[in-house]
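Please walk me through the salt bridges of this structure. I am new to it and would like a plain account.

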Amino acid sequence: QKDSRNIMSNKTIDIKLIKSSIGRLPNHKKCVKGLGFRKLQQTVTVEDTPSNRGMINKIIDMLEVKES
């Protein structure tokens, strides 16, 4: 049985939350929390995976994205 945690992607994405999640759909709020944001203007580095890309694309209007 292979452990998927050993296979890490080298690509990361720096994302910054620039708009509040107040008044947003519940699924959008879950995406903000799932990406690791706790407050406005916070910058988070996440792995470049399809699941993270999907969350970013869902709330792209609230974020500033820098690929590294």
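With which residue does Glu67 form a salt bridge? The partner is Arg53, and the closest N and O atoms of the two are 3.3 Å apart. A salt bridge here is a side-chain nitrogen of Lys or Arg within 4 Å of a carboxyl oxygen of Asp or Glu. This pair links distant parts of the chain, with Glu67 in strand β3 and Arg53 in helix α2, 14 residues apart. Helices (H or I, at least four residues) and strands (E, at least two) are DSSP runs, numbered from the N terminus.

This is a predicted model: local features need pLDDT of at least 70, side-chain atom pairs count only at pLDDT 80 or more, and totals for chains, interfaces and linings use all residues. Residues are numbered from 1 along each chain as its sequence is written, and side-chain values use heavy atoms, with hydrogens and water left out.

Arg53 also meets Asp48 in a salt bridge, at 2.9 Å from N to O. Glu67 is exposed, at 59% relative accessible area, while Arg53 is partly exposed at 26% and Asp48 is partly exposed at 23%. Buried means under 20% relative accessible area, exposed over 50%, and partly exposed in between (1.4 Å probe, protein chains only).

The structure holds three salt bridges. One of them joins the side chains of Asp61 and Arg24, 2.9 Å from N to O. Asp61 lies in the loop between α2 (50-58) and β3 (63-67) and Arg24 in the loop between β1 (12-17) and α1 (26-34), so the pair ties together parts 37 residues apart in sequence. Asp61 is partly exposed at 40% relative accessibility, and Arg24 is partly exposed at 25%.
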